[in-house]
Amino acid sequence: MSIEEKHLVNVLKRCICCNQENISDFFCRGIYNVQKCDDCGAQFVNPRFFEDSINSVYPDDYWSNESSNIAKAAITNELGMSQRAQGDIALLSKYFSKKISYLDVGFGTAHALEAARKLGWDVCGIDPSIEAVEFAKKKGIENVILGCFEENLISDQKFDLITAFDCFEHIVDPNKFLIDCKNVLNDNGLIAIAVPNVASVSARINQKRWSQYIFPDHLNFYSSSTLKIIANRNNLTVEDEFSFPSISLGVRELLKKLQSNYNIKILSYLINFITSFKKYIFYPPANYLCKKFNIESNLLFVILKKEK
């Protein structure tokens, strides 16, 4: 029995979103079994590991291997990640008329924290990677905490905004996560979540071969409707929702791999060119068409509000 299999003992009896018992097997890949709720359509890995087993389940080099290395990621995709973070923070800043306190959960390369700090926000970050924490501190961001997010880590702080970008699909207990977020949010505070969209055209076409079925990383697979259900279950209202398209032919990923191995300067320019093309040429008309024809795209961006 593998180490991963040994820890897959957290058996869910009910749907993570609607809390109903009508769940059935959807497909199995290796030791990971994905189930689907027959009532709301939510998909999730079941059984799964407990949160305190995360360091045992993830590979020893997960936080520092070539594909996830924080420093290399920042170097080989600096423009893309920085632009996305700036865009996300700029979008969220429209919901506030004053300087705010901001928490980023799973901050990774800390680009969102940097963008928020430039707006004068008080920033704080939590990440389970020691590499990410050290990288953020090198950028001069001192208020960063090592660990998995829970209320106890920051019970002495309150925030106007909490973000979980590319993080919520990793959470072992998403309901507890939302409750913990609410408990450290100020009244009328916001939670912004960005996740892969299991109801996207890409997911529907590829079915069980969808690229976001990544194990053991991704445990929960959301659509617009199931995110609303889990939000309502935890007494949060959906303030706003966006669905962003993306395209990938694998070229940028190949260039990033070559750049990380050989450090050829021209590759950085090519990576940034592709990133800029997608951002300024492809995305504007694609976003317009998606909204006009109600097409769900690859990335869901949902803003939840805590009521007084």
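This is a predicted model: local features need pLDDT of at least 70, side-chain atom pairs count only at pLDDT 80 or more; totals for chains, interfaces and linings use all residues.

1. Aromatic pairs. Tyr102 and Trp121 form an edge-to-face pair, with 5.8 Å from centre to centre and 70° between the planes. Tyr102 lies in strand 4, whereas Trp121 lies in the loop between helix 5 (111–118) and strand 5, so the pair ties together parts that are 19 residues apart in sequence. Tyr102 and Trp121 are both buried. The pair of Tyr213 and Phe221 is likewise edge-to-face, because the ring centres are 4.9 Å apart and the planes stand at 70°, an angle over 60 degrees.

2. An aromatic cluster. Tyr213 and Phe221 belong to one aromatic cluster that also takes in Phe26, Phe27, Tyr32, Trp210 and Phe215. Tyr213 is buried, with a relative accessible area of 5%, and Phe221 is buried as well, with a value of 3%. Phe26, another member of the cluster, has Lys36 over its face at 5.5 Å from the ring centre, and Lys208 also lies over the face of Phe26, at 5.9 Å from the ring centre.

3. Overall make-up. The protein chain contains eleven helices and eleven strands, and 49% of its 308 residues count as buried. Of the contacts between residues at least 6 apart in sequence, 70% join residues at least 24 apart. The accessible surface comes to about 15300 Å², and carbon and sulfur atoms account for 53% of that surface.

4. In soluble globular proteins, nonpolar side chains tend to be buried together. The largest nonpolar core here has 39 residues, of which Cys15, Leu103, Phe149, Phe168 and Phe177 touch the most other members. Among the elements that give two or more residues to this core are strand 4 (101–105), helix 7 (174–183) and strand 8 (185–196), and strand 8 provides the largest share, four residues. Apart from this core lies another, of 29 residues, including Ala110, Phe165, Ala194 and Phe242.

5. Two residues and their surroundings. Beyond its neighbours within four places in sequence, Phe168 is in contact with several residues, among them Pro174, Phe177, Ile193, Tyr222 and Ile230. Val105, whose place is in strand 4, is buried with a relative accessible area of 4%. With neighbours within four places in sequence again left aside, the contacts of Val105 include Ile126, Phe149, Ile162, Phe165 and Phe177. Val105 and Val144 are 39 residues apart in sequence, and their C-alpha atoms are 9.9 Å apart in space.

6. Salt bridges. Side chains of opposite charge can pair when their charged atoms come close. A search of the whole structure finds eight salt bridges. In one of them, Arg84 meets Asp88 with the closest N and O atoms 3.5 Å apart, and both residues lie in helix 4 (residues 78–93), four residues apart, about one turn of the helix. Arg84 is partly exposed at 32% relative accessible area, whereas Asp88, at 9%, counts as buried. Lys98 forms a salt bridge with Asp160, with the closest N and O atoms 3.9 Å apart. Because Lys98 lies in the loop between helix 4 and strand 4 while Asp160 lies in strand 7, this pair ties together parts that are 62 residues apart in sequence.

Methods. Residues are numbered from 1 along each chain as its sequence is written. Side-chain values use heavy atoms; hydrogens and water are left out. A nonpolar core is a set of buried Ala, Val, Leu, Ile, Met, Phe, Trp, Tyr and Cys residues joined through side-chain atoms within 4.5 Å. Buried means under 20% relative accessible area, exposed over 50%, partly exposed in between (1.4 Å probe, protein chains only). Contact means heavy atoms within 4.5 Å. Accessible areas come from the Shrake-Rupley method with a 1.4 Å probe; for residues, only the protein chains shown count as cover. Rings of Phe, Tyr and Trp (its six-membered ring) pair if their centres lie within 6.5 Å; planes under 30 degrees apart count as stacked, over 60 as edge-to-face and the rest as tilted. A charge sits over a ring if NZ of Lys or CZ of Arg is within 6 Å of the ring centre and within 35 degrees of the ring normal. A salt bridge is a side-chain nitrogen of Lys or Arg within 4 Å of a carboxyl oxygen of Asp or Glu.
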